[in-house]
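Colleague: I would like to go through this model with you, beginning with the spaces inside the protein and then turning to the contact between the chains. Could you show it to me before we start?

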Amino acid sequence: MNRVSSKMALAVKCSDTFNADACMHCGVCTAVCPMGYEILPRKLFRYVQIGLEDKVKENISSIYSCLLCGMCAENCPAEVNIADNVRFLRKYINENEFNLS
Amino acid sequence: MPLPTKDILGILADNLNKRKSVLPISTAGATRWAKGLELPKGGKTILYTGHLYQLIPVIDAMAGQMSRLEDSPLTKYFGLGRNVNKLINMTFFMGMMASKNTRKDYDHMLRNIALLLKKANVEFGYLYGEELYSGALVYDEGLDGAFAKHAQRVCDLFKKHGVEKVITVDPHTTHTLRSVFPEYVKGFDLDVKSYLEVLADSGIKPTTLISDELALHDSCVYARHENVVEQPRELLNRAGVKIKNPTLCGKNTHCCGGPLESLFPSESHRIANNRAKQLKEAGDNIATMCPICLVSLRKAANGSAQVSDLSDTLARAYGV
Ligand code: SF4
Ligand code: SF4
């Protein structure tokens with residue numbers, strides 16, 4: 001079973017960086033992403049929003065392999081700042097998983 | 001086994017904290033390009049290289065070794081490597097394997113940029129050995145603690161020299177200084193412009209008309225974050241160059257794959273190959289405006305197309 005992490009949910013809530021509230025799950029970002037991973041970035045943000053930390057951790061390599069190229073955000077109809085969200089997740093993992101800052 | 005993300009990020013952060021750069025290079029290596037140009041030290045307006053052009057030959061030499069390590073059992077020793085690197089600068093020794101010719105090639109691009117600015121009657125100085133890396137890679141990897149400290153160091157350096165205007169040479173340094181530093185350093189309000197913007201705004205006139213066809217690769221960072229799309233085109237148009245835009249260009253440009261080189265080399269090469277293919281459909285004479293794009297696409301093209309830095313064409317057209 002996937003457990004909901006209150007720690008990650010709180011970190012997301014308190015952050016002024018992570019914001020995917022406007023996302024309407026249209027899938028444009030995934031379609032234009034040169035990496036072509038199914039998870040980047042739409043599904044990943046959904047996991048974050050509902051606090052599924054285990055699911056997020058399973059996808060650490062996708063989180064670090066985002067190019068931060070911005071193709072997704074350029075085409076996102078809801079103007080979600082996708083690269084900032086990915087950077088936020090890296091920061092969270094660096095601090096909480098890798099003990100790095 | 002893939003390369004160990006945690007240990008590599010650790011090495012980058014340790015190096016920035018201790019040695020003020022992700023991959024420390026010698027002062028001689030960082031400043032050799034300026035030899036004989038007699039640029040004044042410091043000044044209100046400075047040319048700031050951010051070391052990216054000088055680092056590419058080093059990164060290139062290291063990347064070859066890293067991609068051999070990907071999927072090798074040796075990756076488990078990265079943790080050990082990080083501990084040794086804390087005491088002895090291992091990355092420095094790896095960098096010494098950079099080829100002399102590659103270094104000369106990248107130094108030449110910086111010289112051309114400086115000479116173009118002189119030709120446009122821009123007055124500027126250079127911080128020589130005091131100049132620092134911008135911290136861009138550490139910021140991208142979300143190592144915010146190390147980045148914030150470094151950003152402050154760079155700002156203190158500008159303050160010490162009374163710098164007011166900064167001319168940058170690559171998209172990553174431009175973006176970090178212009179758009180990221182103000183979020184991390186209180187009161188940071190320097191005027192930061194890329195050399196392409198400065199040249200396009202100046203009245204610089206071409207001395208030679210060049211009728212070459214040039215397939216232009218826009219950098220994601222310049223195009224999408226810093227609005228540098230028209231300036232290079234204007235400079236090329238003035239000189240008669242026939243620009244061939246690939247299908248994905250300008251704000252919808254496709255990444256060169258370079259940002260993944262240190263953590264996921266094979267993915268990085270996959271993206272670079274895709275982009276090189278798109279560019280070759282536009283033409284086999286390709287120009288880039290970022291040293292990371294240049295090295296990635298050159299490797300991907302592997303001799304099947306000529307890939308050069310935009311400054312080469314500009315230098316020819318504007319007579320430097
Ligand atoms: S393009 Fe924007 S709105 Fe659509 S799924 Fe992606 S993030 Fe959400
Ligand atoms: S920024 Fe990341 S998620 Fe967005 S298109 Fe580029 S690689 Fe894909």
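Modeller: A cavity here is a set of grid points, taken over the protein atoms alone, where a 1.4 Å probe fits but cannot get out. Please keep in mind that this is a predicted model.

Colleague: Which cavity is the space taken by ligand 2?

Modeller: The residues around ligand 2 include Cys33(A), Cys66(A), Cys69(A) and Cys72(A), together with others such as Pro34(A) and Leu68(A). By class, that shell divides into nine nonpolar residues, one polar and no charged. The space that ligand 2 takes is the largest cavity.

Colleague: What area do chain B and chain A bury between them?

Modeller: The size of an interface is often given as the accessible area lost when the parts come together. The contact takes 22 residues from chain A and 32 residues from chain B, and in chain B the residues that lose the most area to chain A are Lys6(B), Arg224(B) and Leu260(B), together 20% of what that side buries. With 60% of it on carbon and sulfur atoms, the area that chain B and chain A bury between them is about 2,200 Å².

Colleague: Which residue forms a salt bridge with Arg87(A)?

Modeller: Across the interface of chain B and chain A there are 11 residue pairs in polar contact, both residues being at pLDDT 80 or more, and the count of salt bridges between these chains is two. In the one formed by Arg87(A), the closest N and O atoms are 3.2 Å apart, and the partner is Asp144(B).

Key. Residues are numbered from 1 along each chain as its sequence is written. Chains are lettered from A and ligands numbered from 1 in the order in which they are written. This is a predicted model: local features need pLDDT of at least 70, side-chain atom pairs count only at pLDDT 80 or more; totals for chains, interfaces and linings use all residues. Side-chain values use heavy atoms; hydrogens and water are left out. Contact means heavy atoms within 4.5 Å. Buried area is the accessible area (1.4 Å probe) that two parts lose on being put together, summed over both. A salt bridge is a side-chain nitrogen of Lys or Arg within 4 Å of a carboxyl oxygen of Asp or Glu. A polar contact is a pair of N or O atoms within 3.5 Å; within protein, one must be able to donate a hydrogen and the other to accept it, and residues adjacent in sequence count only if both atoms are side-chain atoms. A residue is near a molecule or strand if one of its heavy atoms lies within 4 Å of it. On a 1 Å grid over the protein atoms alone, a cavity is a set of points where a 1.4 Å probe fits but cannot get out, and a pocket is an open set with protein on both sides within 12 Å along at least five of seven lines; lining residues have an atom within 4 Å of a point. A molecule sits in a cavity or pocket if more than half of its atoms lie within 2 Å of its grid points. Ala, Val, Leu, Ile, Met, Phe, Trp, Tyr, Cys and Pro count as nonpolar, Asp, Glu, Lys and Arg as charged, and the others, Gly among them, as polar.
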